[in-house]
Amino acid sequence: MQIIHFLKQFRRLALLVILLAGWEYASRFILDKTEATLLPPPSGVARGAYELMESGEIWKHLFDSLSREFVAFCYASVAIPLGIVMGCFKWVNEQVDPIVEILRPIPPIAWIPLSILWFGVGNTQNQFIIFLGIFFPILLNTIDAVKNVEPNLIRAARCLGAGSWGVITRVVLRAALPQIVTGIRIGLGVGWMALVAAELVGANSGLGFLINDARTVLRTDYILVGMLAIGLIGLCLDRLIRYTAQKLMPWSRALNA
Amino acid sequence: MPALKVENVKKIYPSLHAKGQEVLAIEDISLEVNKNEFCSILGHSGCGKTTLLNLIAGFEVPTSGRIECAGKLVKGPGADRSMVFQDYALFPWLTVYDNIAFGLKVKRTGAAEINQVVTRFAALVGLSHFVSHYPHQLSGGMRQRVSIARALVVNPTVLLMDEPFAALDAQNRAMMQAEMIRILNEESKTVVLVTHSIEEAINLSDVIVVMTRRPGRVKEVIRIPEPRKMVEDTPAYLEVRRKIRDLIAGEHDLSEVS
């Protein structure tokens, strides 16, 4: 039974395996030497990955990128209280909303030139770019979540004796939490993409720096390893948040759908 | 002193669409509900009965007139008028226990007392074995039991119920009405219930207030001869039902004429 189950799982990967095999074949037997340098076979990429892991270089870059993402996330989490205030109080929303609406459509990447002049090359500049990527999805989702709290839940709390503060802390915040988490998930995803872009031009370490640096020495295998690592980390981050949120909020339909 | 007193209450809603076109929802409503009386407000949908209940709860403010609860002017929502909602409005992130305890926690009651009170009311509504469940794990009838317990825990002067059993199927509905009678026998309460079901009103009430179509006014107040003891299909029951049915049927849909 177990073997059958395993084979069934494996069947889902069939196309992937065929494509990898085709890639390996093409890279080894069809492409000439120069072209093969530009597209190394999967086995070559695996060897590159092994080298990077053994020398410890990839761990260093990975750690730098992740810690930038984390620091930026800590700053960007001010979007949560701000969003709650904007969702609860109309006059705050009226004042802040125009600013948000102007800034929001500017992609984080468009801030790179200015931010390099402001902060120079390095951590601060990278964190700033990631911050912009994370901040707006969290803010917009928080505002939306607060506005969409079931009105009857607020009424129920009021007629059980809760005051305005009680309604905010005991009802609005809790009811909005699943969508705030969704905002965090989207934000970390956008931030992660922005991070790599920021590191391409404005950093001396990190996964973005790694792949750009590998370009200058024509190590396409390292580039591919770096790209894969970026994708895998992004996926893991997303899954991790979703898993934690499901465990902490088993009652949320939105999260468990 | 009546538990609840409504005096010449009128509610006008400003129109959302055309300027100056206001909607007169209810007009000139006066009624009194005595302590431990069960009062049903009966009328067509759109007659303003829920508006009246929202005004009593303090969720909305009357355009004119006044509402008093145990002699105190109603200015906003408060635990002396807790409500049971049609859609239950349970807090999905809290267990049954914490939902029932909500009103006590807001008051900062001690944990020991909360435990004692919640245990008693969970037993009263027959949910002792489900206190650690979340609302989404319960059936509609059970959710409404939680909602009733949650509203009773704060010991309201008047318990407000907004079509509490309308979302249930016929069988559950009949069962919950019987449960409500049992609960009220154990825990005397003043209740104001909004419903559009004539049978529900007869089964549960001391007094039935029949409302007119929009704008809602009090058409007639009917006292039930033997409250909560009427047996269906007896001549006395059918007599009351026919009377109310005639009162309601007499309300032609004026909104379509004008």
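Start with helix 3 and helix 4 of chain B, whose crossing is right-handed (the near helix is turned clockwise from the far one by less than a right angle; helices are DSSP runs of H or I, at least four residues, numbered from the N terminus). This is a predicted model, in which local features need pLDDT of at least 70 and side-chain atom pairs count only at pLDDT 80 or more, while totals for chains, interfaces and linings use all residues. Residues are numbered from 1 along each chain as its sequence is written, and chains are lettered from A in the order in which they are written.

Select residues 111-124 and 140-153 of chain B: these two helices pack at about 140°, with axes 9 Å apart (axes are lines fitted to C-alpha atoms over the stretch in contact, and angles run from 0 to 180 degrees between N-to-C directions).

Next, show the side chains. Val117(B), Phe121(B), Ala122(B) and Leu124(B) of helix 3 meet Ala149(B), Leu152(B) and Val153(B) of helix 4 (contact: C-beta atoms, placed from the backbone, within 7 Å). This contact has seven nonpolar residues, no polar and no charged ones (nonpolar: Ala, Val, Leu, Ile, Met, Phe, Trp, Tyr, Cys, Pro; charged: Asp, Glu, Lys, Arg; polar: the others, Gly among them).

Now move to the contact between the chains, with 15 residues from chain A and 22 residues from chain B. On chain A, select helix 10 (151-159) and helix 11 (164-202), which each supply at least two residues; helix 10 gives the most, with six.

Technical notes. Contact = placed C-beta atoms within 7 Å.
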